[in-house]
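Me: I would like to go through the terms used for this model and see what each one rests on. Please set each value against its definition.

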Amino acid sequence: MSNARSPGDAGSILIVGASRGLGCAMAAEFAGRGWSVVGTVRGAGTPLHALAAERAGAVEVETLDMTDHDGIRSLGERLAGRAFDIVFVNAGIANRKPSDTLAEVSTDEFVEVMTTNVLGAMRAVEALGPLARPGGVIGVMSSGQGSIANNANGTNDVYRASKATLNQAMASYGGRHPERPMVLMAPGWIRTELGGPGAPFGVEEAMPQIVDVLVAQQDTPGLRYLDRHGKSVPW
Ligand SMILES: NC(=O)c1ccc[n+]([C@@H]2O[C@H](COP(=O)([O-])OP(=O)(O)OC[C@H]3O[C@@H](n4cnc5c(N)ncnc54)[C@H](OP(=O)(O)O)[C@@H]3O)[C@@H](O)[C@H]2O)c1
């Protein structure tokens, strides 16, 4: 008798925004643990496509621009009938010049950041969250920068405002769905295109910890704002 496990035996996750960076690393980490992964991308030839080719049968690629409301609805329709252990909304952007105050950033750039990090993320949660099985986790990539309590230095105003608003919107969602396990993840400052080369942590070091925390939230109702060590972040 074989002990070999098939992809998906360990669990299943839908990751919105998995083309590269933390989302793709998350897909690789879950696939490596025997989970089946559906990850979304916007373009062709991304690192997630390469992962899906390497891990045929374990990683599926779907297409979604999170700012496209109809696109979110159609992804929900394409995946209807499937149940995931975790639905995780990872996609996010930062404004190009982090030192810009709200007085300095252009209206277009402010709207782009808020439309992606708040409106797009929450529409994805509303439309795709119900694909999580009962007891399955709905997760969203927040940031420690979303913490109002920890904002002592007054930097990154635009990005901070977007993640704090995302946290508030998730608190409302959590209030409407108290039976659901939910997590706002503050992963730490990690070297990606968004995090930049000066970030203190590499993806290889951080991602197993992030994944451990997400997996541990299953079947425990309520919304938690956690760092990658599983410690609560002050709101
Ligand atoms: N790195 C850090 O230090 C850090 C710290 C705290 C929180 N975070 C958060 O972690 C998440 C991932 O960041 P990262 O560091 O991995 O950044 P990244 O390398 O720049 O990757 C961003 C990801 O988001 C996707 N994305 C952006 N806008 C999208 C949209 N409108 N629709 C669909 N996908 C979209 C990108 O897809 P494309 O390839 O199509 O552009 C890419 O997959 C973000 O929410 C970020 O705010 C990062």
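Reply: Two strands pair if DSSP finds at least two bridges between them. Helices (H or I, at least four residues) and strands (E, at least two) are DSSP runs, numbered from the N terminus. Residues are numbered from 1 along each chain as its sequence is written. This is a predicted model, in which local features need pLDDT of at least 70 and side-chain atom pairs count only at pLDDT 80 or more, while totals for chains, interfaces and linings use all residues.

Me: What makes strand 1 and strand 4 a pair?

Reply: Strand 1 (residues 11-16) and strand 4 (residues 84-89) are joined by 4 bridges and run parallel. At least two bridges are required, so the two strands count as paired. Ile15 stands opposite Phe88 in strand 4.

Me: Why is one side of strand 3 and of strand 7 left without a neighbour in the sheet?

Reply: The open sheet has 7 strands in the order 3-2-1-4-5-6-7, with parallel pairing. Strand 3 (59-63) and strand 7 (222-227) are at its edges and have a single partner strand each, so one side of each lacks a neighbour in the sheet. From one strand to the next, the twist averages 20°.

Me: Why is Tyr159 called buried?

Reply: A residue is buried if 20 or more other C-beta atoms lie within 10 Å of its own, exposed if 12 or fewer, and partly exposed in between, with C-beta atoms placed from the backbone. Tyr159 has 21 C-beta neighbours inside 10 Å, so Tyr159 counts as buried. Tyr159 lies in helix 5 (residues 157-176). Contact means C-beta atoms, placed from the backbone, within 7 Å. Leaving out residues up to four places away in sequence, Tyr159 touches Ala94, Asn95, Pro98, Val113 and Gln145.

Me: How do you know that the buried residues of helix 6 line one face?

Reply: The buried residues of helix 6 are Val203, Ala206, Met207, Ile210, Val211, Val213 and Leu214. Seen down the helix axis, they fall within an arc of 160°, so they line one face of helix 6. The arc is that of the directions from the helix axis to the C-beta atoms. What covers these residues includes helix 1 (21-32), strand 4, strand 5, strand 6 (181-186) and strand 7.

Me: What makes the span of helix 6 (residues 203-216) close to the expected one?

Reply: The expected span is 1.5 Å times one less than the number of residues. Helix 6 has 14 residues, and the expected value is 20 Å. From first C-alpha to last, helix 6 reaches 20 Å, close to that expectation.

Notes
Axes fitted to C-alpha atoms, helices over the stretch in contact; angles between N-to-C directions. Contact = placed C-beta atoms within 7 Å.
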